[in-house]
Amino acid sequence: MGSDSPLLLAAVSLLSGLQMGYLARRVGWSRMAHKVLPPAVTGPPEFERTFRAHQNCVEFYPLFLVSMWTCGLFFNEATAAAGGLVYMIARLMYFNGYVAAGKKRLPGFFLTLAVLGALFLLAFIGIMRGILHKYFHIHLF
Amino acid sequence: MGSDSPLLLAAVSLLSGLQMGYLARRVGWSRMAHKVLPPAVTGPPEFERTFRAHQNCVEFYPLFLVSMWTCGLFFNEATAAAGGLVYMIARLMYFNGYVAAGKKRLPGFFLTLAVLGALFLLAFIGIMRGILHKYFHIHLF
Amino acid sequence: MGSDSPLLLAAVSLLSGLQMGYLARRVGWSRMAHKVLPPAVTGPPEFERTFRAHQNCVEFYPLFLVSMWTCGLFFNEATAAAGGLVYMIARLMYFNGYVAAGKKRLPGFFLTLAVLGALFLLAFIGIMRGILHKYFHIHLF
């Protein structure tokens, strides 16, 4: 890879992958603490909240990767990588909140949506600018 | 990114990400309509069908991204992007059908498989051509 | 794409996507064998183990793609592609083991973790080397 390779995006992707592994591990620990043996996915409310918190993170993860990478490649890499770090904080807030109580998942959830929305918007701007430039020869800022 | 950057793939990826967000939102609306509070994932049949329809889309989403991007990078970008748009239509048909009735999920499901199969096949052709060219110095069409 | 395009990573990604499709298909076959109609996800233990085995593969799949691609782009492509093939073997061992008995999922699971860990570690080394080179002008091996 040349010097324009997206090292920061790769680094944040790798970090977020480790975080996903850590969150999966916490579901495993919750299984042990509440004696919920695989393949069961029902049990005490705290286990079920932990399980659902992780499922939600799994559902969001490809959306996060798509929005961070398109934002980073077509808008600005450092901005996208910083957004990725905020996303990781938001997911941890969400996960810890949800494990504590159903309602406590909301602050982290809204921060997740805010940072994902920002990454999508900046990616959209970058891609539209690129399409206007490449296919319509219109040069914006 | 240079002028050979895959803008169309990025644009369709972003659109499909928005669609995934919209489908997740519909599970949330179904929760409210049927008073199924998180972390519960069981309830009236219509809620359970909505929940499973979304889960199926979550399961397929990485396969879609892999097949569209490899098809676009190694076969032809515009073809892959067009396939991506058909995939989004197929998933919406599937989702709406499944919410209405279990059997009505099938037309959208088969269209999903058809477009995914086409993207995989074209990606396979493109990658094989590239491998023959790069590692065996055999130049096909 | 030029001659430096990651053909091996693309080929293994495509193969792993086919494997994911095959595993999803096996859940469908298990549904038919045990007469568990969608959207139900509970039933005889063997069906539930098959269902959970597939879910686990779905959860791991984006982590696998991130680690194989970052390892391949920033460390070494052939190593990453070989790791990807081992990952696919590990997942098949895990899936078949889990379908047979809950405890039999473990050897394949540990092999999955080992190969993912190796891919992550090599990707981390490659990215760190790249960041030191690009942002700090420190040239390692």
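Is A:Ser5 buried or exposed? A:Ser5 is buried, at a relative accessible area of 5%, where buried stands for under 20% relative accessible area, exposed for over 50%, and partly exposed for values in between (1.4 Å probe, protein chains only). The model is predicted, with local features needing pLDDT of at least 70 and side-chain atom pairs counting only at pLDDT 80 or more, while totals for chains, interfaces and linings use all residues; side-chain values use heavy atoms, with hydrogens and water left out. Residues are numbered from 1 along each chain as its sequence is written, and chains are lettered from A and ligands numbered from 1 in the order in which they are written.

A:Ser5 belongs to the segment before helix H1 (7–33) of chain A. Helices (H or I, at least four residues) and strands (E, at least two) are DSSP runs, numbered from the N terminus. Leaving out residues up to four places away in sequence, A:Ser5 touches A:Glu77, C:Phe74 and C:Lys134, contact being defined as heavy atoms within 4.5 Å. The C-alpha atom of A:Ser5 is 9.6 Å from that of A:Leu73, a residue 68 residues apart from it along the chain.

Two further buried residues lie within helices. A:Thr112, in helix H4 (residues 106–136) of chain A, has a relative accessible area of 0% and is buried. Its contacts, not counting residues up to four places away in sequence, are A:Phe60, A:Tyr87, A:Ala90 and A:Arg91. C:Ala80, in helix H3 (residues 77–100) of chain C, is also buried, at 0% relative accessibility. Beyond its neighbours within four places in sequence, C:Ala80 is in contact with C:Leu9, C:Met68, C:Cys71, C:Gly72 and C:Leu119. C:Ala80 and C:Pro38 are 42 residues apart in sequence, and their C-alpha atoms are 37 Å apart in space.

The interface of chain C and chain B was examined next. The contact involves 27 residues of chain C and 21 residues of chain B. The buried area is about 2000 Å², with 78% given by carbon and sulfur atoms; this area is the accessible area (1.4 Å probe) that two parts lose on being put together, summed over both. Zero salt bridges are found across this interface, a salt bridge being a side-chain nitrogen of Lys or Arg within 4 Å of a carboxyl oxygen of Asp or Glu. Helix H1 (7–34) and helix H2 (45–74) of chain C are the elements giving two or more residues to the side of chain C that touches chain B. H1(C) gives the most to that side, with 11 residues.

Chain C is superposed on chain B by a rotation of 120 degrees with 0.0 Å of shift along its axis (RMSD 0.0 Å). The two copies are thus related as by a three-fold rotation axis. The C-alpha of chain C nearest the axis belongs to C:Pro62, 4.0 Å from it. Superposition is by least squares on the C-alpha atoms of residues with pLDDT of at least 70 in both copies. Only 7% of the interface residues of chain C are also interface residues in chain B, so the copies meet through different surfaces.

Backbone geometry was also examined. Most residues other than glycine have a negative phi, and most peptide bonds are trans. The peptide bond joining B:Pro38 and B:Pro39 is cis, with omega about 5 degrees. B:Lys35 is not a glycine, yet its phi is positive, near 50 degrees; B:Lys35 is exposed, with a relative accessible area of 74%.
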